[in-house]
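Work through the exercises below with the sequence and the coordinates open. Each task is followed by a solution in steps.

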Amino acid sequence: MDNNNSSGTADLYAADGGYASKDVCYNNDPNLFETTVEPLLAPGREADLCEWLKKNGLIAKEQKCSNNECSATEKMQWHRARVVDKFNWVCLECKKKLPARHSSFFSDFKCELGYALKVIDGWCKNIPLTNVGGEGRTKANVAKRIYNGCTQVAEWQLKKMVTDFKLGGPDVVVIVDIFPDGNMSLEVPTTSHNNNFSKRVLCIADTAHVPVRVWASLLDGSNKENYKILEMVKNHVMQGSTIVTNEILYPLLHNLPGIGEVISTEALMNLDINQDQKSLKNLETIWATTVEACIQLQDMSTTQAEQHLYELQWRQMYGFIAFPSIIQQIVEYTAYHNPICPPLPSIWPSN
């Protein structure tokens, strides 16, 4: 998987607004926030922070005045100012001013740029909102909006990665199961205030990746949806894969065309020595993170639950370099949503 295939959007954005260019520095250091960004958040280093944001395409490297009478002016000037960002853009002719974060990912967040980066890092580390929001309702609300913004970027990233969610392949074991009906946990899981698990989730895991890569989708809650499950498996499991599935899904999937072999968990359990449940314990380990997410989403709205699954999948793909990945994707997301770009077609099934 190529995490650096971004030159097209970067060049486009540079041409239209000066946000990125070919010299944007994408850094895959898993400790990028601690080693590079955090030192820039110290008081008095606002200029250095803005330069880092410019260098990485997060805020504009240049601005032109939108006033037609100032067309002779080549660029707006970067000036220190008594504003939250400590800098802004000023037209020397008409004196028009633009914020340093104008038209950027940060433009709607009324907080210091340093605080926004801290919250983004908190989202990357999956820290609960209550632990990153800071004191006061205002900052807590801003933190929530930043978290939602990161989730939007992650969802957008996944939606455009069609080929990366073709799981498995020849001789690769793919596990297909449904939460909470299958064999994802040895114990019966519980939610915070009910045990009815109204939101059922189809989960497909590719064991060739470490950590295991999971594709997951909400089901509509009824048992009369076998054709949907079959289509989802066809769409996301590559031919030649070996499928391991629970006893409920086995009759549905065992004759799936192009699949190398379909094995039921019951058949695996029959191979366990002394009924030690080794097979089920292995499956429980593989599904641990997914089960946790499926429990958490039970108390959410359908929209929130779907976003939660996007986050789950994003973290399994990018978690080891989460901060540099989301920074790069924020740049690409902002570039793509420039008005001259068409919207991405939806490739995710709606259930």
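**Exercise 1.** Determine which residues of helix 7 (residues 226–236) are buried, and on which side of the helix they lie.

*Solution.* Step 1: the model is predicted, so local features need pLDDT of at least 70 and side-chain atom pairs count only at pLDDT 80 or more, while totals for chains, interfaces and linings use all residues. Residues are numbered from 1 along each chain as its sequence is written, and side-chain values use heavy atoms, with hydrogens and water left out.

Step 2: helices (H or I, at least four residues) and strands (E, at least two) are DSSP runs, numbered from the N terminus. Buried means under 20% relative accessible area, exposed over 50%, and partly exposed in between, with a 1.4 Å probe and protein chains only. The buried residues of helix 7 are Ile229, Leu230, Met232, Val233 and His236.

Step 3: these residues cover an arc of only 160° around the axis, so they sit on the same side of helix 7. The arc is taken over the directions from the helix axis to the C-beta atoms. An α-helix has 3.6 residues a turn, so residues three or four places apart point the same way.

**Exercise 2.** Find what covers the buried residues of helix 7, and describe how helix 7 lies on the strands.

*Solution.* Step 1: the cover includes strand 4 (173–179), strand 5 (201–206), strand 6 (213–218), strand 7 (242–245) and helix 8 (250–253).

Step 2: helix 7 lies across strands 4, 5, 6 and 7, and runs at about 25° to strand 5. Contact means heavy atoms within 4.5 Å; axes are lines fitted to C-alpha atoms, for helices over the stretch in contact, and angles run from 0 to 180 degrees between N-to-C directions.

Step 3: helix 11 (residues 302–318) lies across strand 5 and strand 6, at about 175° to strand 6.

**Exercise 3.** Give the strand order of the open sheet of five strands, and state which strands stand at its edges.

*Solution.* Step 1: two strands pair if DSSP finds at least two bridges between them. The order is 6-5-4-7-8, and the pairing is mixed.

Step 2: strand 6 and strand 8 (261–264) are at the edges; each has a single partner strand, so one side of each is left without a neighbour in the sheet.

Step 3: neighbouring strands of this sheet are turned by 20° against each other on average, direction ignored.

Step 4: strands 7 and 8 pair in the parallel sense over four bridges, and threonine 245 has serine 264 in strand 8 as its bridge partner.

**Exercise 4.** Name the residues of the largest nonpolar core that touch the most other members.

*Solution.* Step 1: a nonpolar core is a set of buried Ala, Val, Leu, Ile, Met, Phe, Trp, Tyr and Cys residues joined through side-chain atoms within 4.5 Å.

Step 2: the largest such core has 66 residues, and Phe106, Leu117, Ile120 and Phe323 touch the most other members. Helix 6 (residues 137–159) gives the largest share of this core, nine residues.

Step 3: apart from this core lies another, of 22 residues, among them Phe197, Ala205, Val244 and Val291.

**Exercise 5.** How many disulfides does the structure hold?

*Solution.* Step 1: a disulfide is a pair of cysteine sulfur atoms within 2.5 Å. The structure holds zero of them.

Step 2: for cysteine 91, the nearest cysteine sulfur is that of cysteine 94, 3.7 Å away. Cysteine 91 has 0% relative accessibility and therefore counts as buried.

Step 3: for cysteine 124, the nearest cysteine sulfur belongs to cysteine 150, 6.2 Å away. Cysteine 124, at 10% relative accessibility, also counts as buried.
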